Amino acid sequence: MVFQCQRDSFQKEYTTKVESIEKTENGSIEVTFADTVFFPEGGGQPNDEGLFTKSTDQQEFKVKNVIRRGPKAIHILSDDNDPLANLKVNDEVAQKINWERRYDHMQQHSAQHLITALFERECNYNTKAWWLGTDSSYIELDGDVKTPEMQKIEKLCNDYISQAIPVNLAIFEKPEDAGDEVTRASRGLPVDLSGPIRVIKIEGIDSNMCCGTHVKNLAQLQVIKLMSIEKGKGKVLVHFLAGNRVIQKLDDAYQREMDLNVLLNGGPDYHKDLIKKLQTTGKNSQKTIQKLSRELAAILAQQVNDQPNPKPYYFLHRSDGVEIDFANTFLRNAKPKSQIFFFITISDGIDSKSGSLVLQGSPEDVDALGGEITKILDGKGNGKNGRFNAKVTKLNKLKECEAFVKKYFENK
Ligand SMILES: [Zn+2]
């Protein structure tokens, strides 16, 4: 069966009849029609979305997915419908697909045919796979593509687009009838395929079996942009955009450029330099903060060391952006006259409730207090030999913790 969706790419609304309705074991509703304008996922092209309305009362049913099962297109309805009660076999319906989504898919998919054919003809690289993504698409090639080759193919693609070369469809009853019309073998055809074979011809450039939907001529692609070559894990991917996606990308990039002009207080030519300058300033500031926080930690430790009769416990909390290095430096420098239980917390960011906890003292005290303190501050940690480290998430409960520690030492 060749679906209506594949015959006429520009059919926007289509009247047909319900052929079957079924509720599956997992509760989803599957509907088939005498024919359909909804394209089922296939050939690398995602399914259509849309709705259909019942002719008698105009009730709408949303189609959230369409899959192909043998010669049938199965329409899976959105959960907010109750179609079993309101829809019956032989009901007449008008189908309407999300045309913007479909046209976008047609552009990316047809562009893939052209790009694949030209990489094969010009560079002898075959397309092993392709992917139509929500934002960008790629083809996977079997050769080590170089940037000048990519640029050459992009230029050729756009030359052909400007010539508005027709894209035609031929239908053959059996694969063998297609014969010389098909340059690529019938690889990739679904195993459960039955019925006629469709051959898509970009006149003078390519001839290819395909179940997807295509533009009528290359002018409808508007433009093709080959974005980048990605190499890794034994794969070579060429990312591309076609048609409206190129415009959208340019629009997004330009908007970002305008925003950056304001944020950086300089035009696009200076963006890179201005950002590098900011990064350098940031790194230098970070280094200065680290140095100063170490010095501060050492001074605070010295104050503890200078106390003639220190209390048995010492609390220290910093929420001013210092890092854990601060606590380590403090404890390294702290050499009080008598044993002190140190309770240090550092928040992850300024005034953040999560952060780090460090306890240091006699093994007996640390063992006795570590678990309960971590519980109150809702964290996880461990320690031994009088030192305990934890990550905590409720630094707003510090007061409660301090009271608990105070009471422990009062009762000791
Ligand atoms: Zn195709």
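Biologist: Before we start, what does buried mean here, and what counts as exposed?

Modeller: Buried means under 20% relative accessible area, exposed means over 50%, and partly exposed is in between. Keep in mind that this is a predicted model.

Biologist: OK, so is Tyr313 buried or exposed?

Modeller: Tyr313 has 12% relative accessibility, so it counts as buried.

Biologist: And Phe315, where does that fall?

Modeller: Phe315 is partly exposed, because its relative accessible area is 23%.

Biologist: How many aromatic pairs are there?

Modeller: The count comes to twelve aromatic pairs. One of them is Tyr313 with Phe315: the ring centres are 5.4 Å apart and the planes sit at 35°, so that pair is tilted.

Biologist: What about the rings of Phe341 and Phe409?

Modeller: That pair is tilted too, because the planes are at 50°. The centres are 5.7 Å apart.

Biologist: Which parts does that pair tie together?

Modeller: Phe341 lies in strand 15 (residues 341–347) and Phe409 in helix 10 (residues 398–410), so the pair ties together parts that are 68 residues apart in sequence.

Biologist: Are those two buried or exposed?

Modeller: Phe341 counts as buried, at 1% relative accessibility. Phe409 counts as buried as well, at 12%.

Biologist: Which residues do ring pairs link into a cluster?

Modeller: The cluster holds Tyr313, Phe315, Phe341, Phe343, Tyr408 and Phe409.

Biologist: Switching to helices. At what angle do helix 7 and helix 8 cross?

Modeller: Roughly 35°, with the axes coming within 8 Å. Helix 7 is residues 271–306 and helix 8 is residues 324–333.

Biologist: Left-handed or right-handed?

Modeller: The crossing of helix 7 and helix 8 is right-handed.

Biologist: Which residues meet there?

Modeller: From helix 7 you have Ser293, Arg294, Leu296, Ala297, Ala298, Leu300, Ala301, Val304 and Asn305. On the helix 8 side they meet Asp325, Phe326, Thr329, Phe330 and Asn333. The residues of that contact split into eight nonpolar, four polar and two charged.

Biologist: Now zoom out. How many helices and strands does the chain have?

Modeller: Ten helices and 18 strands.

Biologist: Is the chain compact or spread out?

Modeller: The radius of gyration is 34 Å, well over the 22 Å that the globule rule gives for 412 residues, so the chain is more spread out than a compact globule. Along its principal axes, the C-alpha trace spans about 100 × 60 × 40 Å.

Biologist: And what share of the chain is buried?

Modeller: Buried residues make up 43% of the 412 residues. As for contacts between residues at least 6 apart in sequence, 64% join residues at least 24 apart.

Definitions and conventions: Residues numbered from 1 in each chain as written. Predicted model: local features only at pLDDT ≥ 70, side-chain atom pairs only at ≥ 80, totals over all residues. Heavy atoms only, no water. Axes fitted to C-alpha atoms, helices over the stretch in contact; angles between N-to-C directions. Helix = DSSP H or I, 4+ residues; strand = E, 2+ residues; numbered from the N terminus. Left-handed = near helix turned anticlockwise from the far one by under 90°. Contact = heavy atoms within 4.5 Å. Nonpolar A, V, L, I, M, F, W, Y, C, P; charged D, E, K, R; others polar. Phe/Tyr/Trp six-rings, centres within 6.5 Å; stacked < 30°, edge-to-face > 60°. Buried < 20%, exposed > 50% of the residue type's maximum accessible area, 1.4 Å probe, protein only. Rg over C-alpha atoms; globule rule 2.2 N^0.38 Å.
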